[in-house]
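Let's take a walk through a structure together, piece by piece. Have a look at it first, and then read on.

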Amino acid sequence: MAVKKFMYVNRKAPYGTIYALESLEVVLIGAAFDQDVSLAFIGDGVYELTKGQKTEAIGQKNFSPTYSALGDYDVNKIYVEKESLEERGLTLDDLQHLVWEDEDEDWAEKDSIRLVSRSELADVMAEQDICLSF
Amino acid sequence: MTLLHTVNKSPFESMSFDTCLGYAKDGSTVLLIEDGVYAATTGNSAADKIKNASGVTFAVLGPDLQARGLENKLADGIKVVDYEGFVNLVAEHDSVQSWL
Amino acid sequence: MSSIEVNGKQFEVDEEGYLANLNEWEPAVGEAMAAAEDQTLTDEHWDIINFLREYYEEYQIAPAVRVLTKAVGKRLGKEKGNSKYLYELFPYGPGKQACKYAGLPKPTGCV
């Protein structure tokens, strides 16, 4: 099977709607197919990655720790759009630090998140075979 | 008549928050819940709108703010309430307008 | 929902035998589930079960088999980080079977 470039575009905040969790589950399931996968977080999607989420009081599962497992699933291209962060008063420091371990370099930890501008991300998006939007 | 307005949508995704502010008169309270809590955070256009809406009291539902990891981003002048506080607000106002 | 009895205590399980509430889990539950499938749990089994529980605690998911294999290789040594070793321990599939004994839900994407 030829490897295709898949981009999952995340545009919704977590918890208020089911989109963010559904997207994450599709990514984890899809990771079994050995495709070239990347994730984009734009608009309210950047809120999915905030650190310090605590959901006990709203009675929903806190799925934010699962983003840290993406590296284990060889999903290590995570694009976060700079403009979307700025419009919301956020910086990279407000987000979880996501890493992956490079088996070929004795499990060296490398950053998964790539901070990109809207126009840079538009270029990456244009290179994809398939974009799935959530 | 005093009104309690609730907003449960992100201000960056829906017009609910802006529309609500247009209808919130002096003496009324705007309670931000669910994805509406993003309007209660600092450093964005919603924060400026809250600052300019004098005469209106703003509150945010703590559990929803916590869930989203934004407790340390709360803008000044916004009261944090828990579920009991939500009920009290409903009781203190004459009626409730939910901007869905 | 049905339930299983372990040491006089009732534990709710789903239609495939996975524990309904992972906080109720105790080692005896894993032992009982294994015994029901004619399996005796050795230290080698427990290494995997405990690893799965730690993984779930940290990431809130049960890892896919591919992820489990890679992580076991890193943690417990290359000779254990392969599907042959894991399938010998858990012939019904390390994802399904070991997760069940560990009290975790069925791994995401596991059919």
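Start with chain C: its domain assignment gives domain 1 (2-36) and domain 2 (43-101), with bounds that come from an automatic or database domain assignment. The C-alpha centres of these two domains of chain C lie 19 Å apart.

A quick word on what you're looking at: this is a predicted model, where local features need pLDDT of at least 70, side-chain atom pairs count only at pLDDT 80 or more, and totals for chains, interfaces and linings use all residues. Residues are numbered from 1 along each chain as its sequence is written, while chains are lettered from A and ligands numbered from 1 in the order in which they are written.

Now hop over to chain B. You'll find four helices and five strands there (DSSP runs numbered from the N terminus: H or I of at least four residues for helices, E of at least two for strands). Follow chain B from the N terminus and the elements go β-α-β-α-β-α-β-α-β. Chain B has a radius of gyration of 12 Å, close to the 13 Å from the globule rule for 100 residues, so it is as compact as a globular protein of that length. (That radius is taken over C-alpha atoms, and the rule is 2.2 Å times the number of residues to the power 0.38.)

Finally, where do chains A and C meet? In this spot, 14 residues of chain A are in contact with 13 residues of chain C, contact meaning that C-beta atoms, placed from the backbone, lie within 7 Å.

Terms used. Two residues are in contact if their C-beta atoms, placed from the backbone, lie within 7 Å.
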